[in-house]
Amino acid sequence: LFRSSFAMLLGPLSLAAGILLLLIGLAALLWLSGKIEGYDPVNEMLFRDNGALALRYALFAIAVVFALLAIFDRSQGDSGAWFFTQHALLAVILIYLSRYLNDWLILYHFSNNREVVQEKNVAVAFVEGATYLASAYVIGGAFYDWENGIAVALVWFLIGQLMLILLAFLYRLAGKGVDAALDEQNLAVGIDLGSFLLSGGMVC
């Protein structure tokens, strides 16, 4: 009975411990990436009161956890350490990649880093964070049939990213002056566009 109870607890406890370690690793990764890009994340948030950067980091971390939970759910709860490590790394890489796709193909009229770090633009940070969350849902959908291999999942991930880019294009057609409004830190536009992109990711 004791062994049975311990076995039942081992899976959820392993998952919780893995996610905790992942969050610690994410904090280190985001700090290091900030230093490489020329700013100190700790200084930005603690001393410059940069809410935009804090929002970017928070939504990135939430998106990674969402993606992992979706992958584990679709893979019937297998919590083996190697399996978790593989998919944790893949989720982080794909969501981090979505940041650059966002910068180059969705918010291409300005630099996300300049807006978020230097200008403390919460509207741009919200749109960027929404694409992280949308990408997390896309990853969950892409790994629905994870037994078919990583290549198939990556193809579906790219399809999902293309859909987000298309949705952003359609949003610009419907509403003129979106980029100017975001550049002026219009939070209402940021929330509206971000929510539109997130809803697209959720239906993937």
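Ser33 is buried, at a relative accessible area of 8%, where buried denotes under 20% relative accessible area, exposed over 50%, and partly exposed the range in between (1.4 Å probe, protein chains only). The model is a predicted one, in which local features need pLDDT of at least 70 and side-chain atom pairs count only at pLDDT 80 or more, while totals for chains, interfaces and linings use all residues. Residues are numbered from 1 along each chain as its sequence is written, and side-chain values use heavy atoms, with hydrogens and water left out.

**Overall architecture**

- The chain contains 9 helices and 0 strands; helices (H or I, at least four residues) and strands (E, at least two) are DSSP runs, numbered from the N terminus.
- Of the 204 residues in the chain, 44% are buried.
- The accessible surface amounts to about 10,700 Å², with 70% of that area belonging to carbon and sulfur atoms; the areas come from the Shrake-Rupley method with a 1.4 Å probe, and for residues only the protein chains shown count as cover.
- Among contacts in the chain with a separation of 6 or more, 73% join residues 24 or more positions apart, a contact being heavy atoms within 4.5 Å.

**Nonpolar core**

- In soluble globular proteins, nonpolar side chains tend to be buried together.
- The largest nonpolar core has 52 residues, of which Phe60, Val64, Ile95, Ile139 and Leu182 touch the most other members. Such a core is a set of buried Ala, Val, Leu, Ile, Met, Phe, Trp, Tyr and Cys residues joined through side-chain atoms within 4.5 Å.
- Two or more residues of this core come from each of α1, α3, α4, α5, α6, α7 (150-174), α8 (178-183) and α9 (187-202).
- Val64 is in contact with Leu22, Leu26, Val92 and Ile95, leaving aside its neighbours within four places in sequence.
- Ala61 belongs to helix α3 and touches Leu23 and Leu26, not counting residues up to four places away in sequence.
- The C-alpha atoms of Ala61 and Leu26 are 7.1 Å apart in space, although the two residues are 35 residues apart in sequence.

- The model holds 6 aromatic pairs, counted where rings of Phe, Tyr and Trp (its six-membered ring) have centres within 6.5 Å; planes under 30 degrees apart are stacked, over 60 edge-to-face, and the rest tilted.
- Tyr96 and Tyr100 make an edge-to-face pair, at 5.5 Å centre to centre and 65° between the planes. These two tyrosines are separated by about one helical turn because they are 4 residues apart in helix α4 (residues 81-106).
- The pair of Tyr100 and Trp104 is tilted, because the ring centres are 5.6 Å apart and the planes stand at 40°. Both residues lie in helix α4, again 4 residues apart, or about one turn of the helix.
- Tyr100 is partly exposed, with a relative accessible area of 25%, whereas Trp104 is exposed at 56%.
- One aromatic cluster is formed by Phe60, Tyr96, Tyr100, Trp104 and Tyr132.
- Arg99 places its charged end over the ring of Tyr100, 5.4 Å from the ring centre; the criterion is NZ of Lys or CZ of Arg within 6 Å of the ring centre and within 35 degrees of the ring normal.

**Buried serines**

- Ser33 is located in helix α1 (residues 2-36), and its side chain reaches the backbone oxygen of Leu30 at 2.9 Å.
- Ser98, in helix α4, is buried with a relative accessible area of 2%.
- The side chains of Ser98 and Ser135 make a polar contact (3.5 Å). A polar contact is a pair of N or O atoms within 3.5 Å; within protein, one must be able to donate a hydrogen and the other to accept it, and residues adjacent in sequence count only if both atoms are side-chain atoms.
- Ser98 and Ser135 are 37 residues apart in sequence, with a C-alpha to C-alpha distance of 6.9 Å.

**Positive phi in loops**

- Most residues other than glycine have a negative phi.
- Asp49, which is not a glycine, has a positive phi of about 55°. Asp49 is in the loop between α2 (41-46) and α3 (51-74) and is exposed, with a relative accessible area of 63%.
- Lys120, also not a glycine, has a positive phi of about 55°. Lys120 is placed in the loop between α5 (112-118) and α6 (122-142) and is partly exposed at 29% relative accessibility.
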